Every structure is written in structure tokens, then in C-alpha cells.
Amino acid sequence: TYKYNFQFNDLLIRNLSLIFDTSYEESMPLEEENAATEKTTTISTVLMHRRQLTRKLQRILSYNYTSENSNFHHNGPNEKHLVTYGFSYTF
């Protein structure tokens, strides 16, 4: 497995983060002879904004895009888009 991760904080505005993550993995089954090796490439990008509302309460807004492509996927890469709006409270 090869994996690279880049993170940029305070991008254009305060508390805005951009995270770029990519990985390449080769998997071979151990139990079967002459089994096909799966080669998977995954790309993930996250754009996140955090804002401290009170001393213990934080608001988080993020967008996450993930694309996974494998030589076993015959219909192209699996893509996922996820938008999250949430709160984090520290006890």
C-alpha cells in the first residue's frame, strides 16, 4: 500500500481546511493459487470549516468526495459525495 496525504489549513479564510488523500493498494488472496491480484486506487478530498461557537461547542460543515477504482470494478470507479453539518460538544 502506498498512501499520500496533504492538508492545508486556514485556506483562504480562517478555520477552512482542505485535505487531499490518495492511496494505491495491491491485494492478493493467500488461499487460492493463481488468483487475480486486485489493484485499487482511492482518491479522497475533504473541504471542512470549523467554528468555535462557545468554549465547549463547535460547529462543523464539511464536504467529502471519495472515488475508488479497482481492476475488479467493470463499471468504472465507485464515487461518493457526502455533505455533513454537525456540532461537537466537549464535556
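User: Why does L47 count as partly exposed?

Analyst: Happy to walk through it. Buried means under 20% relative accessible area, exposed means over 50%, and partly exposed lies in between (1.4 Å probe, protein chains only). L47 has 38% relative accessibility, so L47 counts as partly exposed. L47 sits in strand β3 (residues 38-52); strands are DSSP runs of E with at least two residues, numbered from the N terminus. One thing to keep in mind: this is a predicted model, where local features need pLDDT of at least 70 and side-chain atom pairs count only at pLDDT 80 or more, while totals for chains, interfaces and linings use all residues. Residues are numbered from 1 along each chain as its sequence is written, and side-chain values use heavy atoms, with hydrogens and water left out.

User: What makes the nonpolar surface patch, and which strands supply at least two residues each?

Analyst: The patch is made by L47, L53, L61, Y63, V83, Y85 and F87, with an area of about 690 Å². For a patch, residues need over 30% relative accessible area and no salt bridge, and nonpolar side chains (Val, Leu, Ile, Met, Phe, Trp, Tyr) are joined within 5 Å, like charges within 9 Å. A salt bridge here is a side-chain nitrogen of Lys or Arg within 4 Å of a carboxyl oxygen of Asp or Glu. Accessible areas come from the Shrake-Rupley method. β4 (57-70) and β5 (78-89) each supply at least two residues, and the largest share, three residues, comes from β5.

User: How do you know that Y85 and F87 are exposed?

Analyst: Y85 has a relative accessible area of 55%, so Y85 is exposed. F87 is exposed because its relative accessible area is 52%.

User: Why is the pair of Y89 and F91 called edge-to-face?

Analyst: Rings of Phe, Tyr and Trp (its six-membered ring) pair if their centres lie within 6.5 Å; planes under 30 degrees apart count as stacked, over 60 as edge-to-face and the rest as tilted. The ring centres of Y89 and F91 are 5.0 Å apart with planes at 75 degrees, so this pair is edge-to-face. Three aromatic pairs are found in the structure. Among them, Y85 and F87 are also edge-to-face, at 5.6 Å centre to centre and 85 degrees between the planes.

User: How do you know that β4 and β5 pair, and which way do they run?

Analyst: Two strands pair if DSSP finds at least two bridges between them. β4 and β5 are joined by 12 bridges and run antiparallel.

Methods. Accessible areas come from the Shrake-Rupley method with a 1.4 Å probe; for residues, only the protein chains shown count as cover. Helices (H or I, at least four residues) and strands (E, at least two) are DSSP runs, numbered from the N terminus.
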